[in-house]
Amino acid sequence: MRGTGVSGDGVRGSTRVVGLLLAAVAALYVVAPAVHSAAVPLVHAELGLGSGHEVVARVVGSSLALLTLVVAGRAGDLKGRRSVLIVSLAGLAVGCALLAVAFDGWSYVLGRILVAVALAAVFVSCLAFLPTVFLPGRMRKVMAGWLAAMSVGFVLAVNLAPRAASTDGWRLAMVAMTLAAVAALLLVHRYVPEPAAQAGLRLPDQPRAVFLIAFGVLAPAALQLAPVWGWADPRVGLLLLAATVALVLARLRCPTLSVATRGRPALMPARLRTGALIAGLALGFTQVVLAMALPSLAAARGGGPESAALVLSGFGVGGAAGCLFVRRRAIAPVTGSSLGLPLAALGLVLLHAGLGSDSYPVAGDFAVVALIGFGVMLAATPQLARYLAAIPRTHLGTSAALMPGSILLGTAAAQALPYTSAIDSVPVPAEARQLLRIGTIVLAVAALLLGRVAVSVAVACAAGLQYLLTRTGIGDSGTVIVALAFGAAAGALVWARREQSDRLARMSQTASTLQHAVLHPIPEDLGRLRLASLYRPATADTGIGGDFIEALHTPYGTRILIGDVRGKGLQAVQTVTDLLGCFRSQAYETEELGELAARLDRQVLRAAATRGDDELFATALLLQHDGPAQDACDLDVVNCGHLTPLEVTATGVTEIDVPTLLPLGFGTLGGGEPPTPHTVRLGPDAVLVAHTDGLSEARNSTGEFYPLTEGLTLAPYGTPEHLVGHLDDGVRDWTHHLADDIAIIALCPSEPTPHLHAPRDGEAPALTPGRPEEPRTARIR
């Protein structure tokens, strides 16, 4: 059961205990190879292990391990993850015991292969346990702590394994590993629950499974055999080609991403899998490059295996620090890759510069390697945590195999480099220098793929500068450090700039979302009206200010509200939200437009009393069209202290004479009889424009107001959209700074009013409804 640590057999332990136990068991995946590496010289001397034995152990072990990751993961989905883990630990104990009693080279090879297969099954089973025990929202912290524990295990293994192998013998070390596997088996059986079975699980697509198996066998075999046979050998090319074809065919058999097909659940987006794959490849590749190059670095400075082990353990120390940093702070995958991978690349460049030089002490090498470990884990941990949290439960086992599989492929790729050999342990300094250079290129490519391109380019320029200084002979240790510091600072500045740009983009998106949530978009056609609107807050990054506008089609006609709240800031936005909420609910419930205005008045009074603001008020203009007793050209208007609306025709602009009441919030509308709406009639082909004072009071550099009437008079007469667009352009040109919010709405009947036409013979004059008889102001030219 996810997040509870409870199985059908009862309570077996808390999730914290289960998580720590799984991390400790998975650490065997790191400890066992370290013990083997330390024991290799003794094994070669005692059993006469030759190059043929080593090649078979590495090639067969790597291929079967990669295959086992997929098989064991899927077996956990179908048969139970706890059962598979127990069987895998038993196999690990048997393999370590076989190594402890090995009597010749081939028995040792058999034990090596069995241990590699068992470790792969143990690791993928522990990894697939995490999403079944912990909730996806906690996966970042869980994965970071898990990887930090494995990094600590790496540090202990690197420093203790050589001493154990040299002091007590490699057979005693294998006996200790056997006892550790047995102890882990007993603890898993006692404390780890069996996750609830998933209904409806089916075997994967069989042809696709065959293609994946072929790739898992062929790819590591080709990489391991390449340095032995030579990259020019046609057999290596055929193996790589066959592995590539198998991978392509498996991908073609994969269901469509993010789309459920034929009842199958949707898979995760490809970018998540790609990010986890690249991060795992970079992690495995970097580990092997350091393990190969650091002994040469230590030997060049007069150090021995203990010195190399101490420096290599810095990778684990830095990796643990990077994991704990991600656990403490929510680092996004792109951020971790943008910062971590360039830092790791700079560390490899610094090691390359110091190889063969006595300028840096062992402590300096340790610090540089710790920087590399910190950077790699800072990039890998968020990628892997995001991937693990997004894995569908129906594909948990096989999908979880991607992480250790990618690390294994990265390891095999590093061991296949032509500058070293799969059977030679320590490269010469020239080869080690080439290894570090290739590792830098690999991390740089990973940074370009996963992080910010600008950050990677800045760091690459600094690394190139350092290389030129070193090659030309003018760069000493001081200039190298300055160049690297410059690159790190340049990368940090570029990253900070990009992060600031992203924050601004998110703020803009948030403001737009807020504006659409509070101020709903005005449709172009509503009822029998054609509408156009504009809302522009004075503060561009807020998205909303103290003006408001809304249009609704109700059973009582199309109703429009436009207005302005006194004040600015958050309090004005709160009042706008209250007013619009009241209007949107009461417009459908209140038959009389005057009563609707009275209810808005009472809403402002309640808001003022709640906030203790005696001066809170809002001007508002309410319009109603197509009411039960209205003509198609009639509009009912209630003006609560707002600006007079304008009628725009082909001949000019007219201020519509509407009685003006006190603004909302003065309590004069809801105390007695509600106000009576004033009916106006639009002329033929006329457009009514209502606006807030932010438009008419926009000032230019000399303090003059925007000439609204003149602007409308000079505007090419057209639709409401044309008029609103003309006003928007005009006020932008008039002022360099908006001091107040602007809200504009323009409307006209969607069905044009019939015009007067000359009577035919014997026909009475046809008249369209004329203008009302109430007084109107003169047209303003």
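## Basis of the model

Residues are numbered from 1 along each chain as its sequence is written, and side-chain values use heavy atoms, with hydrogens and water left out. The model is predicted, and local features need pLDDT of at least 70, side-chain atom pairs count only at pLDDT 80 or more, and totals for chains, interfaces and linings use all residues.

## Overall make-up

The protein chain has 23 helices and 14 strands. Helices (H or I, at least four residues) and strands (E, at least two) are DSSP runs, numbered from the N terminus. Of the 781 residues in the protein chain, 50% are buried; buried means under 20% relative accessible area, exposed over 50%, and partly exposed in between (1.4 Å probe, protein chains only).

The accessible surface of the protein chain comes to about 34,100 Å², and carbon and sulfur atoms account for 63% of that area. Accessible areas come from the Shrake-Rupley method with a 1.4 Å probe; for residues, only the protein chains shown count as cover. Among contacts (heavy atoms within 4.5 Å) between residues at least 6 apart in sequence, 78% join residues at least 24 apart.

## Helix α1

Helix α1 covers residues 15–26 and has 12 residues. From its first C-alpha to its last it reaches 16 Å, close to the 16 Å expected at 1.5 Å a residue; the expected span is 1.5 Å times one less than the number of residues. Buried residues in α1 include V18, L21, L22 and V25. An α-helix has 3.6 residues a turn, so residues three or four places apart point the same way.

V326 is in helix α11 (residues 305–328) and counts as buried because its relative accessibility is 0%. Leaving out residues up to four places away in sequence, V326 touches R140, A144, I331, L378, T381 and P382.

Q383 belongs to helix α13 (residues 362–390) and is buried, at 3% relative accessibility. Its side chain makes a polar contact of 3.4 Å with the side chain of S337. A polar contact is a pair of N or O atoms within 3.5 Å; within protein, one must be able to donate a hydrogen and the other to accept it, and residues adjacent in sequence count only if both atoms are side-chain atoms. Apart from neighbours within four places in sequence, Q383 is in contact with G275, A276, A279, P333, S337 and L450.

T440 lies in helix α16 (residues 429–450) and is buried, with 14% relative accessibility. A polar atom of the T440 side chain is 2.9 Å from the backbone oxygen of L436. Not counting residues up to four places away in sequence, T440 touches A345, L348 and V349.

## A nonpolar patch

L238, L241, V245, V248, L249 and L252 make a nonpolar surface patch of about 570 Å². Patches are made of residues with over 30% relative accessible area and no salt bridge: like charges are joined within 9 Å, nonpolar side chains (Val, Leu, Ile, Met, Phe, Trp, Tyr) within 5 Å. V245 is found in helix α9 (residues 234–252) and is partly exposed, at 41% relative accessibility.

## Salt bridges

A salt bridge is a side-chain nitrogen of Lys or Arg within 4 Å of a carboxyl oxygen of Asp or Glu, and by this rule the count comes to 12. E721 and R530 form a salt bridge at 3.4 Å, N to O. E721 lies in helix α23 (residues 720–734) and R530 in strand β4 (residues 529–536), so the pair ties together parts that are 191 residues apart in sequence. E721 is partly exposed at 26% relative accessibility, and R530 is partly exposed at 33%.

R566 and D613 meet in a salt bridge of 3.0 Å, N to O. R566 is in the loop between β6 (557–565) and α19 (569–586), and D613 is in the loop between α20 (593–611) and β7 (618–625), 47 residues apart. R566 is partly exposed, with a relative accessible area of 31%, whereas D613 is buried at 12%. In the salt bridge between D634 and R681, the closest N and O atoms are 2.8 Å apart. D634 lies in strand β8 (residues 634–640) and R681 in strand β12 (residues 678–681), so this pair ties together parts 47 residues apart in sequence. Both D634 and R681 are buried. R74, D77 and R81 are linked in a network of salt bridges.
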